Amino acid sequence: MNSIVARVTDRIAARSRDSRSAYLARLEAASATPRREKLGCANLAHAFAACSATDKEGLRGGVKPSIGIVTAFNDMLSAHQPYERYPAVIKEVVRQAGGVAQVAGGVPAMCDGVTQGYEGMELSLFSRDVIALATGVALSHATFDGALCLGICDKIVPGLMIGALSFGHLPTIFVPAGPMPSGLSNADKAKARQLYAQGKVGREELLEAESQSYHAPGTCTFYGTANTNQMLMEIMGLHLPGASFVNPNTPLREALTEEAARRIVAMTQPGGGAPIGRIVDERAMVNGIVGLLATGGSTNHTLHIPAIAAAAGIQLNWEDFSDLSAAVPLLARVYPNGSADVNRFHAAGGMPFVIGQLLDAGLLHADVATVWGDGGLEAYRAMPEVSDGGALSWRAQPTEQSGDPSVVATVAAPFAAEGGLRVLTGNLGRGVIKVSAVKAEHRVVEAPARVFDSQEGVQAAFRAGELDRDVIVVVRYQGPGANGMPELHKLTPPLGVLQDKGFKVALVTDGRMSGASGKVPAAIHVTPEVKGGGPLGRVRDGDVLRLDAEAGTLDALVDAAEWDSRGAPPPASEDAGHGCGRELFGLFRNAVSGAESGASVFGLLGR
């Protein structure tokens with residue numbers, strides 16, 4: 001085991017000893033209580049009232065395992081449209097395996113691609129908590145012996161995880177649906193966006209490019225938050241081996257879904273497998289961070305991973321990410337960190353090859369529990385395949401070289417010696433930056449600041465030509481307490497245009513960027529947020545700022561006495577608007593636990 005990985009794991013375990021022990025005690029108490037057997041007759045009758053006669057008999061007798069399906073299906077979200085058929089398939093396979101499956105509940109599943117740049121994006125991060133609560137409601141009926149979670153995209157998998165971990169005594173498998181087939185390349189799509197931002201092509205040309213890119217059921221093919229979720233579930237042992245990036249509506253995808261249904265029934269039997277609360281331990285969480293760093297995954301997971309861990313009684317912080325990043329090499333070049341998409345990544349060996357490389361280098365904990373049973377992560381070196389007759393099997397992957405070394409590298413010859421994410425610290429606060437998509441010559445930017453209270457203000461200034469110079473754009477009042485922390489992905493095209501003109505450009509914000517963002521250096525999630533009095537609020541137009549991703553610093557180069565004399569920033573200007581996120585998040589915060597603590601899991605930012 002790599003010494004840094006071992007040390008960070010031990011540190012997390014020591015820090016979490018009391019909270020993890022309390023969590024495991026809750027699991028033990030829940031496991032010791034029979035589920036359906038403790039229900040009253042009226043309660044149990046309600047539970048199976050709508051079932052077939054056969055399923056009623058199975059649930060009535062208390063012998064057949066009961067499987068709850070929590071689904072994020074909707075057919076507006078391309079990644080989740082394939083889930084429409086899953087419950088019927090799962091019910092039949094579970095029935096054949098000796099169990100009974102029921103849809104326990106649905107969770108909301110918004111599309112960040114649809115809401116990006118509009119008021120609905122203010123609800124995006126907030127929706128994670130709603131999904132967690134909805135998952136908890138679904139699993140609260142005290143009738144299930146195991147669960148299958150159907151979800152893929154941005155806040156949906158983290159929300160499902162947080163909710164499922166509240167019922168961590170249940171065996172739980174996450175069932176993916178896979179990425180859409182490759183369409184217009186991500187690089188060509190980005191080029192069309194920049195041309196539109198410059199007024200060189202019209203709306204119809206841009207819409208055609210976007211439609212060729214997002215063209216079928218399945219996950220978007222870039223390596224953003226949704227596909228990073230899939231990596232995370234696989235490397236943490238919550239998917240079947242190699243299941244993450246198999247296209248929808250293919251024989252292999254269907255075989256993997258059916259196998260997940262059979263496997264969850266087996267896990268409900270004595271000795272059949274560990275519940276999710278046992279699988280998600282300190283070692284599994286570290287494995288997840290290592291996978292994030294090794295693949296150049298989404299910055300959103302510097303928020304989601306600590307929140308998931310907290311739901312299992314484990315205390316993670318950004319220092320853990322930073323220390324692990326120094327030990328973990330970058331092994332994947334998938335857009336925006338390269339030109340390939342996730343289909344090409346999977347064809348080159350994908351997660352099985354990456355997991356094998358990290359295991360051999362001692363960068364992953366191999367001796368962890370997984371949904372696949374005994375053997376730990378070693379089983380996740382293999383790639384699934386299906387025969388012409390429909391038989392599912394797994395094939396060992398090569399170890400010396402991937403199928404495409406330009407997309408998936410070895411630990412011996414990585415794309416970079418360190419991981420794709422870094423933590424920045426300075427007199428502006430603490431933030432994170434994704435460096436895997438930023439060229440080396442753009443990783444240090446020193447320039448005058450231009451301060452905005454909304455991304456609309458930035459876009460207006462760009463159109464007016466006011467940003468045609470070296471500039472560090474500061475967008476404040478974008479934190480969770482201000483407006484729910486929307487992504488600012490629509491700033492990527494205009495800032496990319498400025499960078500292409502030869503200007504030194506960077507973004508600094510207490511908000512987020514999309515997992516698909518890259519190219520332009522962006523210090524994001526800056527904490528404390530401006531609404532809470534964070535130092536980013538002291539910045540004035542013209543202040544020289546320095547973002548140094550190599551040294552890990554984020555500073556205003558302002559005289560110390562002048563800096564200290566500046567008081568609180570003025571309230572957010574009118575151009576910040578008053579979107580649905582501000583109103584609904586405010587209602588939630590006040591109703592749940594009062595002004596400052598109502599952000600619940602959002603409060604983990606930067607701790």
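Some ground rules. The model is predicted, so local features need pLDDT of at least 70 and side-chain atom pairs count only at pLDDT 80 or more, while totals for chains, interfaces and linings use all residues. Residues are numbered from 1 along each chain as its sequence is written, and side-chain values use heavy atoms, with hydrogens and water left out.

Let's start with charge. Side chains of opposite charge can pair when their charged atoms come close. A salt bridge here is a side-chain nitrogen of Lys or Arg within 4 Å of a carboxyl oxygen of Asp or Glu. How many salt bridges does that rule give? The count is 30.

Take arginine 36 and aspartate 145. Their closest N and O atoms are 3.0 Å apart, in a salt bridge. Arginine 36 sits in the loop between helix H2 (17-31) and helix H3 (41-48), and aspartate 145 in the loop between helix H7 (124-138) and strand S3 (146-150), so the pair ties together parts that are 109 residues apart in sequence. Those labels are DSSP runs numbered from the N terminus: helices are H or I with at least four residues, strands are E with at least two. Are these two residues buried or exposed? Both arginine 36 and aspartate 145 are buried. Buried means under 20% relative accessible area, exposed means over 50%, and partly exposed lies in between (1.4 Å probe, protein chains only).

Next, arginine 344 and aspartate 404. Their side chains form a salt bridge, 3.2 Å from N to O. This pair links distant parts of the chain, 60 residues apart: arginine 344 is in helix H17 (residues 342-347), and aspartate 404 is in the loop between strand S6 (392-396) and strand S7 (421-426). Arginine 344 is partly exposed, at 36% relative accessible area. Aspartate 404 is buried, at 18%.

Two quick ones. Glutamate 378 and arginine 381 meet in a salt bridge at 2.8 Å, N to O. Glutamate 378 is partly exposed, at 39%. And Arg11, Arg15, Asp320 and Asp323 are linked in a network of salt bridges.

Now the nonpolar side. In soluble globular proteins, nonpolar side chains tend to be buried together. A nonpolar core is a set of buried Ala, Val, Leu, Ile, Met, Phe, Trp, Tyr and Cys residues joined through side-chain atoms within 4.5 Å. The largest core has 135 residues, and Met161 and Leu238 have the most contacts inside it. Helix H14 (residues 282-295) gives the largest share of this core, 8 residues. Which residues does methionine 161 touch, beyond those up to four places away in sequence? They are Phe174, Met233, Met236, Leu238, Ile276, Val280 and Ile308. Contact means heavy atoms within 4.5 Å. Another core lies apart from the largest one, with 26 residues, including Val474 and Leu554.

On to lysine 155. It lies in the loop between S3 and helix H8 (156-166). At 2% relative accessibility, lysine 155 is buried. Its side chain makes a polar contact of 3.1 Å with the side chain of serine 124. A polar contact is a pair of N or O atoms within 3.5 Å; within protein, one must be able to donate a hydrogen and the other to accept it, and residues adjacent in sequence count only if both atoms are side-chain atoms. Leaving aside neighbours within four places in sequence, lysine 155 is in contact with residues including Asp112, His304, Glu487 and Arg512.

Compare glutamine 96, in helix H5 (residues 86-96). Glutamine 96 is exposed, at 61%.

On a 1 Å grid over the protein atoms alone, a cavity is a set of points where a 1.4 Å probe fits but cannot get out; a pocket is an open set with protein on both sides within 12 Å along at least five of seven lines; lining residues have an atom within 4 Å of a point. Points are joined across faces, edges and corners, and a volume is the space filled by probe spheres set on them.

The largest pocket holds about 1,400 Å³. It is lined by 44 residues, and Gly113, Gln116, Arg193, Glu210 and Lys490 lie nearest its centre. How many cavities of 30 Å³ or more turn up in the whole structure? The search finds 4. The largest cavity holds about 100 Å³. Strand S8 (429-434) and strand S12 (522-527) each supply at least two residues of its lining.
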